[in-house]
Amino acid sequence: MNRELQQLILDYKSDQESVYHTWFLNNSDRLKAFRTIKTGVNDVIKAIEARVFGNDFKGSPLEDVLAAICEQKQVFEGAAHAFYWKPKLRIPDIYENEENQLAFGRFLKAVLQASDEKQLLTEIVKLDQYHIKGLGPAVANIMYFLHPTLFPPFNTAIVNGFNSLLDRKIKLGSWPAYLEMRETLLDINTAYRSSLSKDLGAISGLLFEIGTGRLIVSGNAEAFLQEEEKKREKGRYKRHLEVLNDTNEESEHSEMQLYLARLGQSFGYNVWIAQNDHQRQWQDEPLGRYSLSVFPAMDLPKSIADTIAFIDVLWLNEHNEIVSGFEVEKSTSIYSGILRLHDLSLSVGNATSRLYLICPDKREKEVRAQLLRPSLQRTQCGPIS
């Protein structure tokens, strides 16, 4: 098993179209999502405490959180389904049952504020004791983005991969099953830490690839060969197209950043390009050439400054005051881009700064709908164009 697992890890990491490369390693949107999801969870808690959470998933702040999770490439596709309000089944029972909703809010608040592993596990046990119908360990996907070194994500493909790799029969909808899987993954990850990562997203991605049939293990080889060859080929082709689309979108994204940087410099402004994009190129020209090499010092908390440093393009005057901020969104969550600009507006407090969200014409209605969200309407911020 040890030799097979080591080879699987090597195959996983050498495949440039595996989620290790397309999601875990080379995806700036994944890094941005941690901040977005943390902020969104805080909005969920506030809405529940203020009794304004609503009685449906649609339009609730929880929808924003799951939207940011679901945009995380293939790994979290469909993560929101468990939270859709299903009226005929009355599940998940956090929309109409106030006691359950408050318990869910207390759980999220405790998870958001805690850092001790034992305390986090205690909160899971406490939530499970409520037996909230329809609310299972799909919540673990939220926990992963709050505590990525302690809790792995949990979905059908990951569970299938875990069962195939270790010949187990873990079930998807059970907290005890999730915790059992988690303990095993922590042990495996510790043993292979040098080949994977402290972040459990790396090993979860490995299980995802096994569970979707891109990686074959000895225990399931015959079944996959006989029953799922067509499905695998279709999946490989789909993944290939997705990678090509991502590459094209990244190129267009970098092109727009470069044009904005040039335009800002032509107006006499200093330019900052998102810190994780300095090494990106467009037509063999590195974006970092047009950016300040170090993010300028600002009188802001470090967490806020770190968020602002990920905004795609900033124009700054000679006093390092932000004149304009630009977020370029093509296929990723519009909400994530708006939230980063919203954070910038609230933090900097410069009434003369202009903030712009740049996206394809076909997404204009989506932008307008997002700007009408109550969480954005309740606060006064600078204009977002």
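Me: At what angle do the axes of helix α5 and helix α6 cross, and within what distance do they come?
Reply: In this predicted model, the axes of α5 (residues 98-113) and α6 (residues 117-128) cross at roughly 175° and come within 10 Å.

Me: Are α5 and α6 roughly parallel or antiparallel, then?
Reply: Angles over 145 degrees count as roughly antiparallel, and α5 and α6 are therefore roughly antiparallel to each other.

Me: Which residues make that contact?
Reply: From α5, the contact is made by Ala103, Phe104, Phe107, Ala110 and Val111. Helix α6 contributes Leu120, Glu123, Ile124 and Leu127.

Me: How does the contact of α5 with α6 divide by class?
Reply: Eight of its residues are nonpolar, none is polar and one is charged.

Me: And what about α6 and α9, how do their axes cross?
Reply: The axes of α6 and helix α9 (residues 175-191) cross at roughly 160° and come within 11 Å. That makes α6 roughly antiparallel to α9.

Me: Which residues are in contact there?
Reply: On the α6 side they are Glu117, Leu121, Ile124, Leu127 and Asp128. On the α9 side they are Trp175, Pro176, Leu179, Arg182 and Leu186. By class, the contact of α6 with α9 has seven nonpolar, no polar and three charged residues.

Me: Changing topic: in what order do the strands of the open sheet lie?
Reply: The order is β1-β4-β5-β6, four strands with mixed pairing. The edge strands, each pairing on one side only, are β1 (270-273) and β6 (354-358). From one strand to the next, the twist averages 15°.

Me: How many bridges join β5 to β6?
Reply: Strand β5 (residues 322-328) is joined to β6 by five bridges, and the two strands run parallel. For Val328, the bridge partner in β6 is Ile358.

Me: What does Ile69 touch?
Reply: Leaving aside residues up to four places away in sequence, Ile69 touches Ile37, Phe76, Ala79, Asn141, Ile142 and Phe145.

How values were computed: Residues numbered from 1 in each chain as written. Predicted model: local features only at pLDDT ≥ 70, side-chain atom pairs only at ≥ 80, totals over all residues. Heavy atoms only, no water. Axes fitted to C-alpha atoms, helices over the stretch in contact; angles between N-to-C directions. Parallel < 35°, antiparallel > 145°, perpendicular 65-115°, else oblique. Contact = heavy atoms within 4.5 Å. Nonpolar A, V, L, I, M, F, W, Y, C, P; charged D, E, K, R; others polar. Pairing = 2+ DSSP bridges.
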